[in-house]
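Reader: I am new to this structure and would like to learn how to read its features. Please take them one at a time, with the general idea before the case.

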Amino acid sequence: MSAPAEFNEHPRRILTMCRALPFTAAILCLTGCSAARQDRPYLDAALQAASWIQSVEQSTGAGKTWPADPENPGQVAIDLYAGSAGVVLFFLEAYATTGEVRFLSDARAGADDLLARIPEDLGRPDVGLYTGVPGVGFALLETYQTTRDQKYRAGVERIVKLLRTQARKSADGIEWSDVTDVIGGSAGTGLLLLYVADELDAPEARKLAVAAGRRLVQLGQDAERGKKWAMSPGYDRLMPNFSHGTAGVAYFLTTLYQQTGEQAFLDAAIAGARYLQAVAKTDDDGCLIFHHEPGGEDLFYLGWCHGPVGTARLFYRLAEVTGDPEWMTWVRKCARSLMTSGIPERRTPGYWNNVGQCCGAAGVAQFFLDLYRVTGERKYQDFAIRVTADLLGRATHTDGGLRWVQAEHRVRPELMVAQTGYMQGAAGIGLLLLHLDAVNNNRQPTIVFPDTPFE
């Protein structure tokens, strides 16, 4: 079915002329037409964040890496959440924005190190879009898209093979662990596989995603007006929002339907969305869904992980694939709850001293920037700018550049750390700033994550 008329077309990858050129020609083109930075405050701040990340880099035998917390230089990881995969993506966007080859050099060095660290076997922490090798696969695929260097494509193919050989088969599909969710489970892994299938014309990756989806359909539990999914059978909390719960699983199933036309996926996804509607707090025509049950029914996060920023992605994708304007109404409800919450000036139990993409300001600003891109409504751009202004006001200026000292964990407000990575650090904030600069200069963002519908 067709999407609502208000949707603008934003294909996943509208590349610049330079990026379409052969690799060496692209370097010459971009180096010769580097963007002037006058009157580009978001670009300037992003480059200062890049300088700080570069100031803490570590050389390895294979390339480069960046500790998640530079105060603990041994704290090195490869994942997309806090590790070097997210830094690689930031540098790729910086290169696409500026044409400065130093950023591409850093991205390649980070990707080279990722290649050397792909495991031979999957342990539980190694699965998941944000916690394991699927996120590494995304970073390598984006590096391949920019450089056309076949070794990065080969790394992605190694990861798909690893996921194929180590999947746990069941009567109704496959899984890699008991975890179902976007961050560390089958839903996020499936989204990466669908992205690989599209970008590399890899039908085997799509077959794996379909099998994972069929397993998730069977794991859905009957709930108010629909179905819900637990993060895993052994976890004592049920979290309904995007990162660990129903919204994220249903988003993956909707995306599967979009790519396969298999009705069972859409039916299960809509059942998940109906459950979310049934439990949502809709005061003042908004949409807030509690953090967890039992015991967290009165706690409302506002960000990507457990709040409207993430859950709205499901409603938007349903609007895309069904053409039913009801779902876009729920996207707007999610936005309205954020805009009337008093943030960014006001702190709430679900919006604390956190500026990251996962839980805090960067994720909120990115959501409103994306809404502006797809609707053209200035109020959403204005709110993105307002949240970003608050975020920039909380930066720490150092000799190395810009960093953000924040509390990652709501329940540990005293633990204040400046991180380098995507979900809780300068790389994620830098990507937001580069995307703001792109919109201001009529350019499409280069890096679009597998779990976003805002293309």
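Author: We can begin with open space. About 340 Å³ of space lies in the second largest pocket. Lining that pocket are 14 residues, and the closest to its centre are Lys-281, Leu-288, Leu-302, Ser-341 and Arg-346. Keep in mind throughout that this is a predicted model.

Reader: How do the residues of the lining of the second largest pocket divide into nonpolar, polar and charged?

Author: There are four nonpolar, five polar and five charged residues in that lining.

Reader: How is such space found, and how much of it lies in the largest pocket?

Author: Rolling a probe the size of a water molecule over the atoms shows where empty space is left. Here the largest pocket holds about 740 Å³ of space. Its lining has 31 residues, of which Tyr-81, Cys-359, Glu-408, His-409 and Gln-424 are the closest to its centre. By class, this lining comprises 16 nonpolar, 10 polar and five charged residues.

Reader: Which helix gives the most to the lining of the largest cavity?

Author: Helix H14 does, with four residues. H12, H14 (361-375) and H16 each supply at least two residues of that lining. The classes there are 11 nonpolar, five polar and four charged.

Reader: Turning to helices, what span should the 15 residues of helix H10 have, at 1.5 Å a residue?

Author: An α-helix has 3.6 residues a turn, so residues three or four places apart point the same way. For the case here, H10 covers residues 246-260 and should span 21 Å. Its end C-alpha atoms are 21 Å apart, which agrees with that expectation.

Reader: Is H10 largely enclosed or left open by the rest of the structure?

Author: Count its buried residues, where buried means under 20% relative accessible area. In H10, 12 of the 15 residues are buried, so the helix is largely enclosed by the rest of the structure. The buried residues run from Thr-246, Ala-247, Gly-248, Val-249, Ala-250 and Tyr-251 to Phe-252, Leu-253, Thr-254, Thr-255, Leu-256 and Tyr-257.

Reader: Next, charged side chains. How many salt bridges does the structure hold?

Author: Side chains of opposite charge can pair when their charged atoms come close. This structure holds 30 salt bridges. One of them joins Asp-172 and Arg-215, with the closest N and O atoms 3.3 Å apart. That pair links distant parts of the chain, 43 residues apart: Asp-172 sits in the loop between strands E3 (168-170) and E4 (173-175), and Arg-215 in helix H9.

Reader: Is Arg-215 buried or exposed?

Author: Arg-215 has 19% relative accessibility, so it counts as buried. Asp-172, at 25%, counts as partly exposed.

Reader: Which residue meets Arg-214 in a salt bridge?

Author: Glu-262 does, at 2.9 Å from N to O. Here too the pair links distant parts of the chain, with Arg-214 in H9 and Glu-262 in the loop between H10 and H11, 48 residues apart. Arg-214 is partly exposed at 40% relative accessibility, and Glu-262 is partly exposed at 24%.

Reader: How far apart are the closest N and O atoms of Glu-377 and Lys-379?

Author: They are 3.8 Å apart, and the two residues form a salt bridge. Glu-377 is partly exposed, with a relative accessible area of 24%, and Lys-379 counts as partly exposed at 42%.

Reader: Which residues do salt bridges that share partners join into one network?

Author: The network consists of Arg-168, Asp-172, Glu-175, Asp-178 and Arg-215.

Technical notes:
Residues are numbered from 1 along each chain as its sequence is written. This is a predicted model: local features need pLDDT of at least 70, side-chain atom pairs count only at pLDDT 80 or more; totals for chains, interfaces and linings use all residues. Side-chain values use heavy atoms; hydrogens and water are left out. The expected span of a helix is 1.5 Å times one less than its number of residues. Buried means under 20% relative accessible area, exposed over 50%, partly exposed in between (1.4 Å probe, protein chains only). On a 1 Å grid over the protein atoms alone, a cavity is a set of points where a 1.4 Å probe fits but cannot get out, and a pocket is an open set with protein on both sides within 12 Å along at least five of seven lines; lining residues have an atom within 4 Å of a point. Grid points are joined across faces, edges and corners, and a volume is the space filled by probe spheres set on the points. Ala, Val, Leu, Ile, Met, Phe, Trp, Tyr, Cys and Pro count as nonpolar, Asp, Glu, Lys and Arg as charged, and the others, Gly among them, as polar. A salt bridge is a side-chain nitrogen of Lys or Arg within 4 Å of a carboxyl oxygen of Asp or Glu.
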